[in-house]
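Subject: Structure handover and notes

Hello,

Below is the structure I promised to pass on. My notes on it follow, grouped by topic.

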Amino acid sequence: MQRRLLSADHVATCLDGGLGTLRSLLDGSMPIDTAMARSLADALGASPAFWLKRQENFERAVDRAISAISPDEVDEFIRSVPAPGARARGKMSDARRAEEVRKRLVYFSVPNTKSWQEHYGRLVGRTDFRSSSAFATKEEVVLLWLRRGELESDLIKTKEWSAGNLQDRVETIKQLSRLKTPDLFLPKLRVLLAEAGVALVVVKAPTGCRASGATRLVTPDKAMILMSFRHRSDDHFWFTLLHEIGHLILHHAQTFVDTDEDLTSDVREDEANEYARRCIVPEDRQDEFESLTEDRDRVLRFSVKLKVAAGLTVGQMQKRALIGHDKLNGLKRRWSWEEINPVEV
């Protein structure tokens with residue numbers, strides 16, 4: 001796809017099952033059989049035999065990787081590394097243990113346990129991984145969510161990552177908040193971010209995952225913003241998005257996983273929060289903002305001046321205790337999962 005400059009949507013139209021099938025091919029959960037080999041030959045070129053050989057080589061490589069893990073390490077690897085699907089329970093046969101190892105190596109696209117530790121294990125060690133004490137016990141599902149985001153980012157074509165180009169687009173980005181529904185603003189948002197080298201991915205947080213957003217440099221020239229649409233409200237979504245943009249611009253595209261239930265203090269989180277606040281309410285509008293009351297019409301007029309949705313203004317008023325959390329919530333927009341249409345882990 002990358003070599004031929006083909007989009008994921010284009011290739012998906014050649015496959016039975018569309019994007020769902022393409023996702024399964026990329027995450028390794030669907031093998032290339034004879035029928036799939038023909039479809040890939042039509043979509044991407046080469047012969048069906050070429051694609052069947054790629055699958056054969058892949059299977060051999062995975063088998064070598066599994067056999068290279070010592071028996072003493074296997075059980076620890078299964079315990080410490082999450083995998084999609086139901087967790088294995090009870091005593092496992094050697095064949096089942098090998099399959100569990102395979103699922104993990106393939107999903108995270110790593111050849112061995114050392115590589116997994118280098119790419120993901122340090123996050124569990126809470127390097128640039130924010131979590132409250134309650135959240136810490138759910139790090140497994142967060143890693144699965146983060147990895148699904150990375151896989152989705154592979155489907156998105158972007159220009160080269162540039163913090164400067166991203167900053168140039170922030171004003172336009174926040175104005176998209178005035179569009180009412182995700183199907184209206186997400187396509188435009190993805191284009192703006194892709195022009196700055198950022199892949200925007202929306203993945204629904206699995207049960208137990210309380211993450212709202214994340215940033216990560218997925219390749220040296222591509223950054224990712226991963227959003228969960230937690231709470232499904234415009235004030236929460238747009239503040240989180242601007243917070244993640246702040247991380248990318250201010251903190252050199254380091255990996256951050258953010259939850260609105262964090263109880264710890266971190267100067268970088270404070271900086272990203274302040275960045276998001278200033279995006280919504282610029283410095284030269286602070287005095288007028290602080291004079292706002294529960295007057296609905298006045299809040300609407302002020303939001304028009306800021307060129308943002310009124311829900312964002314209300315969210316900031318509530319966070320800064322200008323009004324109670326039960327006031328003016330009718331100005332916020334809320335969406336159903338059907339309107340958001342997220343990818344699931």
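Which residues form one aromatic cluster? Phe185, Phe229, Phe237, Trp238 and Trp335 do. Please keep in mind throughout that this is a predicted model.

**Aromatic rings**

The structure holds 13 aromatic pairs. One of them joins Phe108 and Trp116: the ring centres are 6.0 Å apart and the planes are at 85°, so this pair is edge-to-face. The cut-off behind that word is an angle over 60 degrees between the planes. Both Phe108 and Trp116 are buried.

The charged end of Arg54 sits over the ring of Phe50, 4.3 Å from the ring centre. Lys319 lies over the face of Phe239, and here the distance to the ring centre is 3.5 Å.

**Helix H3**

Helix H3 covers residues 34–44. Its buried residues are Met36, Ala37, Ser39, Leu40, Ala41, Ala43 and Leu44. What do these buried residues pack against? Their partners are three helices: H1 (8–12), H2 (18–26) and H4 (48–68).

Both ends of H3 have a detail to look at. At the start, a side-chain oxygen of Asp33 comes to within 3.3 Å of the backbone nitrogen of Ala35. Just after the helix, Gly45 takes a positive phi of about 95°.

**Salt bridges**

Side chains of opposite charge can pair when their charged atoms come close. The count for this model comes to 22 salt bridges.

- Arg60 and Glu56: the closest N and O atoms are 2.7 Å apart. The two residues are 4 residues apart in helix H4, so about one helical turn separates them. Arg60 is partly exposed, with a relative accessible area of 38%, and Glu56 is also partly exposed, at 37%.
- Arg147 and Glu150: the closest N and O atoms are 3.0 Å apart. The pair belongs to helix H9 (residues 139–153), where a spacing of 3 residues puts about one helical turn between Arg147 and Glu150. Arg147 and Glu150 are both buried.
- Glu171 and Lys174: the closest N and O atoms are 3.7 Å apart. Both residues lie in helix H10, 3 residues apart, which is about one turn of the helix. Glu171 is partly exposed at 41% relative accessibility, whereas Lys174 counts as buried at 3%.

The network of salt bridges links Arg96, Glu100, Lys103 and Arg104.

**Lys174 and the cysteines**

Helix H10, where Lys174 is found, spans residues 163–175. Why does Lys174 count as buried? Its relative accessible area is 3%, and buried means under 20%.

What does the side chain of Lys174 reach at 2.6 Å? It reaches the backbone oxygen of Cys279. Leaving aside neighbours within four places in sequence, Lys174 is in contact with Cys279, Ile280, Pro282, Leu306, Lys307 and Val308.

Cys279 itself counts as buried, at 11% relative accessibility. Cys14, by contrast, is partly exposed, with a relative accessible area of 32%. A disulfide is a covalent bond between the sulfur atoms of two cysteines. The count for this model comes to 0 disulfides.

**Leu331**

Where is Leu331 placed? Leu331 is in the loop between helix H16 (310–319) and helix H17 (337–340). Is Leu331 buried or exposed? At 10% relative accessibility, Leu331 counts as buried.

Not counting residues up to four places away in sequence, Leu331 touches Arg296, Val299, Leu300, Ala310, Gly311 and Val314. Two of these, Ala310 and Val314, fall within the range given for H16. From Leu331 to Asp183 the separation is 148 residues in sequence and 20 Å in space, C-alpha to C-alpha.

Regards

Key: Residues numbered from 1 in each chain as written. Predicted model: local features only at pLDDT ≥ 70, side-chain atom pairs only at ≥ 80, totals over all residues. Heavy atoms only, no water. Buried < 20%, exposed > 50% of the residue type's maximum accessible area, 1.4 Å probe, protein only. Contact = heavy atoms within 4.5 Å. Polar contact = N/O pair within 3.5 Å; in protein donor to acceptor, adjacent residues only side chain to side chain. Disulfide = S-S within 2.5 Å. Phe/Tyr/Trp six-rings, centres within 6.5 Å; stacked < 30°, edge-to-face > 60°. Lys NZ or Arg CZ within 6 Å of the ring centre and 35° of its normal. Salt bridge = Lys/Arg side-chain N within 4 Å of Asp/Glu carboxyl O.
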